[in-house]
Amino acid sequence: MKLDPSMKIETFPGVYTPAEDTLLLLSAVKAGKGQRILEMGCGTGIIALHCAKAGYRVKAADISLDAVENARQNAAVNALDIDLAVSDLFVKVRGIFDVIIFNPPYLSSQDSEGLSEAERRPLVGGEAGHEISVRFLEQAPKHIAPGGRIYLLTSSESEGGVLEAARSLYSARRVAERRIFFELLAVWELLLK
Ligand SMILES: C[S@@+](CC[C@H](N)C(=O)[O-])C[C@H]1O[C@@H](n2cnc3c(N)ncnc32)[C@H](O)[C@@H]1O
């Protein structure tokens with residue numbers, strides 16, 4: 001999906017500012033006509049709103065109330081409609097989706113040393129960095145429509161643990177990547193086996 005420069009995206013304090021990972025993931029997302037899309041961890045809502053603008057039915061969830069309020073405001077400003085929920089991964093998410101998108105927090109606790117608590121929250125994926133992604137991959141199968149897929153962003157800093165967990169449940173294909181200094185960001189398309 002292409003970035004729409006005319007879209008107005010504001011970032012509330014404490015909500016993740018869209019960055020290279022956001023744009024890489026957005027560029028890799030593909031969906032078929034009429035498909036149902038879920039964005040997990042929507043932050044400002046930028047990816048979910050691009051999907052809505054492209055005509056898809058979109059649900060978006062985030063564990064942070066500030067992020068959900070931020071996405072709600074950005075939806076209103078752009079006159080777009082998305083269904084929003086505050087949810088720890090799939091706890092409050094009902095339904096099945098053809099496409100599920102997630103740019104997860106992926107830094108390890110060690111890599112986030114020196115950041116404030118507010119800065120850490122959208123960035124830290126757990127002690128080793130992969131824990132939230134692994135929980136997501138374990139919970140997602142109940143919400144994937146037959147033939148559906150996941151687009152998941154990883155960083156070389158914590159990718160090993162994510163792919164290890166994905167192996168038994170999904171077939172994985174790297175569909176985009178971008179190097180940022182020492183880190184390699186990748187987008188994986190995952191299909192249930
Ligand atoms: C790296 S940010 C990505 C934000 C946005 N999707 C983007 O690409 O700009 C990760 C997001 O995941 C959310 N998040 C963290 N843990 C979560 C969880 N357990 N359930 C749902 N969302 C979570 C964070 O609040 C944050 O908004």
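Which residue forms a salt bridge with Asp 4? The partner is Lys 53, with the closest N and O atoms 2.7 Å apart; a salt bridge here is a side-chain nitrogen of Lys or Arg within 4 Å of a carboxyl oxygen of Asp or Glu. The pair links distant parts of the chain, 49 residues apart: Asp 4 lies in the segment before helix H1 (20–28), and Lys 53 lies in helix H2 (residues 46–53).

Before going on, a word on the model. It is predicted, so local features need pLDDT of at least 70 and side-chain atom pairs count only at pLDDT 80 or more, while totals for chains, interfaces and linings use all residues. Residues are numbered from 1 along each chain as its sequence is written, and side-chain values use heavy atoms, leaving out hydrogens and water.

Now step back to the whole chain. Its secondary structure comes to 6 helices and 9 strands, taken as DSSP runs (helices H or I, at least four residues; strands E, at least two) numbered from the N terminus. Of the 193 residues, 50% count as buried, meaning under 20% relative accessible area, with exposed over 50% and partly exposed in between (1.4 Å probe, protein chains only).

By the salt-bridge rule, the count comes to 11. Another of these joins Asp 98 and Arg 36 at 3.0 Å, N to O. Asp 98 sits in strand S4 (residues 97–102) and Arg 36 in strand S1 (residues 36–40), 62 residues apart. Asp 98 is buried at 11% relative accessibility, whereas Arg 36 is partly exposed at 27%.
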